[in-house]
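Colleague: I have a model open and would like to talk it through with you. Could we begin with what you count as a contact, and then go on from there?

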Amino acid sequence: GCMRFQQQWGRSIDCMDQVYSDCQENLVQILRDSIGKYGINHIETAWGYGSSQLQLGVALKQMMLKGEIKREDLIIQTKVGPRPDTKEFRDMGEECFE
């Protein structure tokens with residue numbers, strides 16, 4: 001799980017310009033080691049884990065574009081809390097994967 005893979009709890013970080021470069025570089029290195037050295041293939045985050053989804057999304061995309069990892073080799077999971085109706089729930093889930 002990637003609950004601790006974030007610079008900050010809460011929803012105050014909404015773009016990568018707000019993430020410290022050393023924090024993001026550390027996250028990328030942890031992913032390289034976890035996936036490359038130890039064979040971890042399940043990446044789990046949640047909407048409520050602060051900037052975790054944003055940072056993981058950028059890091060994974062960067063690693064895929066560089067050919068370090070392949071999307072088909074990973075299970076990427078996120079979670080959203082209950083919503084009053086199915087449309088709102090689905091919309092929130094779709095937003096998480098953008």
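Modeller: Contact here means heavy atoms within 4.5 Å, and please keep in mind that this is a predicted model.

Colleague: Fine, so which residues is Ser52 in contact with, neighbours within four places in sequence left aside?

Modeller: With those neighbours left aside, Ser52 is in contact with Cys2, Phe5, Gln6 and Thr45. Ser52 lies in helix 2, and its relative accessible area is 0%, so it counts as buried.

Colleague: And Asp33, buried or partly exposed?

Modeller: Asp33, which lies in helix 1, counts as partly exposed because its relative accessibility is 24%, and the cut-off for buried is under 20%. The C-alpha atoms of Asp33 and Gly67 are separated by 15 Å, the two residues being 34 apart along the chain.

Colleague: What makes up the largest nonpolar core?

Modeller: It has twelve residues in all, namely Cys2, Leu27, Val28, Leu31, Ile35, Ile43, Leu56, Ala59, Leu60, Met63, Ile69 and Leu74. Helix 1 (21-37) and helix 2 (52-65) each supply at least two residues of this core. In soluble globular proteins, nonpolar side chains tend to be buried together.

Colleague: Take Ile43 from that list; what is Ile43 in contact with?

Modeller: Once its neighbours within four places in sequence are left aside, Ile43 is in contact with Cys2, Leu31, Ile35, Leu56 and Leu60, and also with Ile75, Ile76 and Gln77.

Colleague: Changing topic, how many disulfides are there?

Modeller: The structure holds zero disulfides. Cys15 is in none, and the nearest cysteine sulfur to it, that of Cys23, is 14 Å away, whereas a disulfide needs the pair of sulfur atoms within 2.5 Å. Cys15 is itself partly exposed, with a relative accessible area of 29%.

Colleague: What about the largest pocket, what is its volume and which residues lie nearest its centre?

Modeller: Its volume is about 610 Å³, and 24 residues line it, with Gln53, Leu54, Gly57, Cys96 and Glu98 lying nearest the centre.

Colleague: Which element gives the most to that lining?

Modeller: Helix 2 does, with seven residues, while strand 1 (42-44), strand 2 (75-77) and helix 3, like helix 2, each supply at least two residues of the lining.

Methods. Residues numbered from 1 in each chain as written. Predicted model: local features only at pLDDT ≥ 70, side-chain atom pairs only at ≥ 80, totals over all residues. Heavy atoms only, no water. Core = buried A, V, L, I, M, F, W, Y, C linked by side-chain atoms within 4.5 Å. Buried < 20%, exposed > 50% of the residue type's maximum accessible area, 1.4 Å probe, protein only. Helix = DSSP H or I, 4+ residues; strand = E, 2+ residues; numbered from the N terminus. 1 Å grid on protein atoms, 1.4 Å probe; cavity = no way out; pocket = protein on both sides within 12 Å on 5 of 7 lines; lining within 4 Å. Points joined across faces, edges and corners; volume = space filled by probe spheres on them.
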